[in-house]
Amino acid sequence: MREILFRAKRIDDGEWVEGFLLSTNEHTYIAYTNQFDDDLFLSPKEIFIEVDPKTVCQYTGLTDKNGRKIFAGDIVKVLYTNGQEDGGDVTEVKYSEKSASFSPWDWEYDCDGCDLYFHIKEIEIVGNAFDKE
């Protein structure tokens with residue numbers, strides 16, 4: 001079964017938090033997924049962390065070469081081959097409505113008669129779209 005997980009920056013200290021997404025008309029929260037690992041008696045304020053809704057990123061279900069979870073909004077370095085030559089890109093992972101998938105490439109254009117076959121050899125997270133390097 002696919003893991004449904006979100007990440008966003010906390011309102012109070014700007015740190016990233018991962019968990020389940022809960023959104024109301026006025027606020028957006030991440031509920032810790034490991035809330036019961038440490039203490040069974042956490043208050044709702046300790047479980048539901050208010051986050052900046054502009055920073056909410058969904059987990060793609062994939063990991064990079066170092067085992068780190070890849071979220072939409074991550075900047076990744078991708079090494080690939082198209083069967084004839086190797087290449088590489090540094091790009092942001094986004095969700096594509098057209099292909100109904102997460103991708104480090106923008107497939108929103110039409111490519112009539114060109115070969116779009118790529119085999120990703122390696123992918124590594126090098127940053128994200130919300131943190132300044």
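Student: Which residue forms a salt bridge with Arg7?
Tutor: Side chains of opposite charge can pair when their charged atoms come close. A salt bridge needs a nitrogen of Lys or Arg within 4 Å of a carboxyl oxygen of Asp or Glu. For Arg7, the closest N and O atoms are 2.6 Å apart, and the partner is Asp74.

Student: How many residues apart in sequence are the parts that Asp74 and Arg7 tie together?
Tutor: Asp74 lies in strand 7 (residues 74–81), whereas Arg7 lies in strand 1. At 1% relative accessibility, Asp74 counts as buried. The pair therefore ties together parts separated in sequence by 67 residues.

Student: Which residue meets Lys9 in a salt bridge, and how do the two count for burial?
Tutor: The N to O distance in this salt bridge is 2.5 Å, and the partner of Lys9 is Asp131. The two sit in distant parts of the chain, Lys9 in strand 1 and Asp131 in the segment after strand 11, 122 residues apart. Lys9 has 17% relative accessibility and so counts as buried. With 27% relative accessibility, Asp131 counts as partly exposed.

Student: Which backbone nitrogen lies 2.9 Å from a polar atom of the side chain of Asn128?
Tutor: Asn128 is in strand 11 (residues 119–128), and at 12% relative accessibility Asn128 counts as buried. Its side chain reaches the backbone nitrogen of Phe130 at 2.8 Å. The backbone nitrogen at 2.9 Å is that of Asp131.

Student: Which element of the protein chain has the lowest mean pLDDT?
Tutor: The chain averages a pLDDT of 81, and 76% of the residues score at least 70. Strand 1 (residues 6–9) has the highest mean among the elements, 96. Where pLDDT is low, the predicted coordinates should not be read in detail. The lowest mean, 52, belongs to helix 1 (residues 35–38).

Conventions: Residues are numbered from 1 along each chain as its sequence is written. This is a predicted model: local features need pLDDT of at least 70, side-chain atom pairs count only at pLDDT 80 or more; totals for chains, interfaces and linings use all residues. Side-chain values use heavy atoms; hydrogens and water are left out. Helices (H or I, at least four residues) and strands (E, at least two) are DSSP runs, numbered from the N terminus. Buried means under 20% relative accessible area, exposed over 50%, partly exposed in between (1.4 Å probe, protein chains only). A polar contact is a pair of N or O atoms within 3.5 Å; within protein, one must be able to donate a hydrogen and the other to accept it, and residues adjacent in sequence count only if both atoms are side-chain atoms. pLDDT is the predictor's confidence in each residue, from 0 to 100. A salt bridge is a side-chain nitrogen of Lys or Arg within 4 Å of a carboxyl oxygen of Asp or Glu.
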